[in-house]
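Opening my notebook for today's look-up. I'll jot things down as I go.

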Amino acid sequence: MKRVLLVIAALLSLTVLLAACKKSGDTISTPTAESTPATVEATPAPTELPPYEANVLTGEPKGADYPEGQRITAVMVNNIVAARPQRGLSKADILFEIKVEGGITRFMPVFTDYKTVGEVGPVRSGRDQFFRLILPWQALYVHEGQSVVMQQYAIDYDYGKLNNNDGANGYRDYGRVNWAGKSYNAGSLALEHTMYTNADNIANYISSQNVDMNRTYNSTFFNFVDYRLGTTRDLSNSLDSAYSDKYGPVVSDGQYIEIEHSQSYKTRFIYDESTNEYKMQQNYSDGQWRDTVDEAADNKVLTFPNVIVLYTDIHTYPGHEKTDLQYVEYAWGGIGYYCYGGKCEKIYWQKGTPLEALRLYYLNEDGTCSDTPLEVNTGKSYVAVTDVDFAGNFVHSTLDGVNLSTATTQTYEKSYVEDDAKAGETLGSSTDDLTAAATGSGEAETVTKAPAEEQAPAEEQAPAEEQAPAEEQAPAEEQAPAEESAPASEQAPDQQENTENAEGSQG
């Protein structure tokens, strides 16, 4: 009997095989012998997961003190070299860095809970390229001053008291000393590098102005790996890890990352396998890399498990050439990189209208945007939105052969007039009209190579493609960029002369 059953089982297996390989016109005979149906053991029901309750900015599980139903908070922080080191950046759950006027960049730390911000600054003015990233999330936006375009966005989107324009009643630290030993009290540091705010200031502003901080989020900022599964996504085994394009594998080395924002502003990250995080550094006006630290946290070095770089067209808004006010194109989407665990994965990003959230996607095998949302590992993230003109200068490699002590680009800032909107000032048109005029209006602005007669002698010269034009560059130890001069209303008496012709402070 046992042998009969074995024969029947063999025939059944052959039937399945033939059915799988069947072509048109094939016929399959079915055994007619009686057989006892095989006993099939029931598959255990999957363990039911608890409800998904993740931190909106990090994807990590909410703790007991999570501010349920509360808006997130974003603060604009100065990143001109004279403003360093900053305070409060280590507490950010997401840190954005984007180019603004004069080739400089600015930071926007975003916090889950304003009560835990501590001290943050120097606070600087608002810009729409940052605001449009948090607009879908209706965050509290704290800054000191704002461009006329930013002010128009706040009007068009009825942002009201969620758009705070005085650093949440911020305060001046006149005695703060920057990395180069300069201070306002010593007469060597401009006033705009002295504005700070803290958790108490923000809480008092919310309370005194009756700001509605209630907000329920139905999704997280990124499509995070589900913390309930207890897994981490290994980029080496990613969905697109087998793909390549004309530039090489979609997933490749990323222990060393170097991002060029403009001709002179760079940020780099160095992967530490022991912590599975990237250490952040920036270049300085003396041509050196230095750790990006949080002065309010005992000079703690900023580290992130997630580094995200998004490339797009960035150029001056038409009609705002005098102030070099930068337009960042979010409507088209583009190529970017997601770096984690010492690997970098080429990705595609989309945003669309100001009210649409930023979205990240895997690439298809042909290099196009797939329909599959990218999974970002849980934890803090650094996000750079970067000029596509510098995409070819993006570096991601192993640490082998990288000389981390080598001098880099000498940082400088182009002159521009401060764009700080007066109360009630408008563009005279909607931001939709302005965006329509700015979209496709020109190439992303870059600073071209300085003419030979303006360059320093070869033995003193930075690489030609990174060198400032001579009329914009001074020796590092003597240079005080024009955009560091404070507005006349804020300057000390001995600094106020010639302010009517001064080219403005960094807004």
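**Entry 1, the whole chain.** First reminder to myself: this is a predicted model. I looked up the secondary structure and got 5 helices and 27 strands. Next I checked burial: 50% of the 507 residues count as buried. The protein exposes about 23,200 Å², and carbon and sulfur atoms supply 49% of that area. I also looked at contacts with a separation of 6 or more, and 69% of them are between residues 24 or more positions apart.

How many disulfides does the protein have? I counted 1 disulfide. I then looked up the handedness: the torsion about the S-S bond is about 100°, so the disulfide is right-handed. Are these two buried or exposed?

**Entry 3, a sheet.** I picked an open sheet of 3 strands, in the order β4-β8-β7, with antiparallel pairing. Its edge strands are β4 (119–120) and β7 (171–172), and each pairs on one side only. I followed β4 to β8 (residues 195–198) and found 2 bridges between them. One thing to click on: Val120 has Thr197 in β8 as its bridge partner. Helix α4 (residues 199–208) packs on this sheet and touches β7 and β8. The direction of α4 makes about 70° with that of β8.

Key: Residues numbered from 1 in each chain as written. Predicted model: local features only at pLDDT ≥ 70, side-chain atom pairs only at ≥ 80, totals over all residues. Heavy atoms only, no water. Helix = DSSP H or I, 4+ residues; strand = E, 2+ residues; numbered from the N terminus. Buried < 20%, exposed > 50% of the residue type's maximum accessible area, 1.4 Å probe, protein only. Contact = heavy atoms within 4.5 Å. Areas by Shrake-Rupley, 256 points an atom, 1.4 Å probe, with all protein chains shown as cover. Disulfide = S-S within 2.5 Å. Pairing = 2+ DSSP bridges. Axes fitted to C-alpha atoms, helices over the stretch in contact; angles between N-to-C directions.
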